[in-house]
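Please read it with the structure open beside you.

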Amino acid sequence: MVPAGKRAGIGCESAGRKIEARSAILRHWSPDIPFDGGFSSASLARKAVPRSKATAVIGTEIMNLASSAVVATEPVNSEAVVAAGAYVDGRRVANIAIDEASSWRSRPGHVVWIGLHEPDIALLTIVQRQFQLHDLAIEDADHAHQRPKIEQYGDGLFIVARTAQLVGDSIAFGETHLFVGEGYLVSVRHGASTSYAPVRERCESCPRALARGEDYILYAILDFIVDNYSPVLETIQEEVEAMEALVLASAMTRAQIERLYLLRRDLLRLRNAVGPLVEVCRRLEHDNLPMVRPTMQPLFRDVTDHVRTVQEQIDSLREVLAFAFEASLLVGQAQETAVSKKLASWLAIIAVPTAIAGIYGMNFKNMPELQWEYGYVTVMSVILIACAALYWRFRRVGWL
């Protein structure tokens, strides 16, 4: 039999261990976690257990509850997840895991915004289950070789936009796929594309605008994509202007002609990427789509105007390059013509003494001029006068 004092000591020690374990669990499940701008296990919001339930567990139940908490809060470990957050009234309330997106989206007034970069099919499948996305849309997002388009699947929209960046001396293209539905927006980036972190920061800095909902996030991303065409066009325009100035000075070299061809090819590809966006924005502006409120249509009209402006700039640059190529051909032909005129002039001048010398080199015996005392002087004078007259004439008309 254990003495009463010893039993009391054992009870106090056991109670102390329970309190320490309970405090550790509560600290582990603290929901107040600041956003670090990315998606990591340190920045994910965890499911908090009510304090009353935590204080009720004893003995082995504490061990089981702590073990289940580790499993429940394990995040989706993928570098393809750039950011994932839940918003209420334009303010971030939690950084969520992908497998928690559906529960956050179902809460009244909540909007889930997830950003992915080149995800694999496994991650896309998880996202599909969370938002009930269509199989065809997921297949398009996985292959990432689509032309810009907008498709409606039930109450959700699937939008494809092409992105462009200057990589070295050429334009690199990428794609952005957008899934928009009630209470969520998922962006999937592939290839050359600027991070959408500035879009998220700008939206979060203005909660009143972000509080409009998922269609405002859609507008902000599309506007950001279209605005990123401008730096590419400005860089190309500077090069085109420099090339245009060189064309008028002299004929283009082979390297310059190759560069001109590459620029025209890149601009054509950029136009093919930008052109379909006009139809996408037009549908967002005019069609009665489920996720676009009438108050947002003027904003999409503004994006449409920007896209058309970009189209006009591309067409202008392509015309300038075409004129530069034609001007280079004309300059080259003019130079060849000038050289031909000079050669023809000198050949005509040289032909006079050649013809006279040929005549008197036939070695006929009965040639009166051969016996004439002033024959040599006369022939040389005729040659000099004829050559001088031809030179003066060609010089006057600009051939020499």
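The points below cover salt bridges, surface patches and cysteines.

1. Ground rules. This is a predicted model, in which local features need pLDDT of at least 70 and side-chain atom pairs count only at pLDDT 80 or more, while totals for chains, interfaces and linings use all residues. Residues are numbered from 1 along each chain as its sequence is written, and side-chain values use heavy atoms, with hydrogens and water left out.

2. Salt bridges overall. The whole structure contains 10 salt bridges. The term means a side-chain nitrogen of Lys or Arg within 4 Å of a carboxyl oxygen of Asp or Glu. The next points take some of them in turn.

3. Arg 293 and Asp 215. These two side chains form a salt bridge, with N and O 2.7 Å apart. The pair joins distant parts of the chain, 78 residues apart. Arg 293 sits in the loop between α11 (254-286) and α12, and Asp 215 in helix α9 (residues 214-227). Helices here are DSSP runs of H or I with at least four residues, numbered from the N terminus. Asp 215 is buried, at 1%. The cut-offs are under 20% relative accessible area for buried, over 50% for exposed, and partly exposed in between (1.4 Å probe, protein chains only).

4. Asp 315 and Arg 271. Their closest N and O atoms are 2.6 Å apart, in a salt bridge. Asp 315 belongs to helix α12 and Arg 271 to helix α11, so this bridge ties together parts 44 residues apart in sequence. Asp 315 is partly exposed at 26%. Arg 271 is partly exposed too, at 30%. Elsewhere, salt bridges with shared partners join Asp 140, Lys 149 and Glu 151 into one network.

5. Asp 266 and Arg 265. This salt bridge has an N to O distance of 3.8 Å. Asp 266 is buried, because its relative accessibility is 2%. Arg 265 is partly exposed, with 38%.

6. Arg 269. Look for this residue in helix α11. Arg 269 is partly exposed, with a relative accessible area of 41%. Phe 173 is 96 residues from Arg 269 in sequence, yet their C-alpha atoms are 8.9 Å apart in space.

7. A negative patch. Which residues form the negative surface patch? They are Asp 120, Asp 135, Glu 139 and Asp 142. Patch residues have over 30% relative accessible area and no salt bridge; like charges are joined within 9 Å, and nonpolar side chains (Val, Leu, Ile, Met, Phe, Trp, Tyr) within 5 Å. Asp 142 lies in helix α6 (residues 135-143). Its relative accessible area is 31%, so Asp 142 is partly exposed.

8. A nonpolar patch. Ile 359, Tyr 360, Met 362, Phe 364 and Leu 370 make up a nonpolar surface patch. Together they have about 480 Å² of accessible area, computed by the Shrake-Rupley method with a 1.4 Å probe. Phe 364 is in the loop between α12 (297-359) and α13 (375-397).

9. Cysteines. How many disulfides does the structure hold? The count is 0. A disulfide needs a pair of cysteine sulfur atoms within 2.5 Å. Cys 206 is partly exposed, at 36% relative accessibility. Cys 281 is buried, at 1%.

Definitions and conventions:
Lys, Arg positive; Asp, Glu negative; His and termini not counted. Charge placed at Lys NZ, Arg CZ, Asp CG, Glu CD. Helix = DSSP H or I, 4+ residues; strand = E, 2+ residues; numbered from the N terminus.
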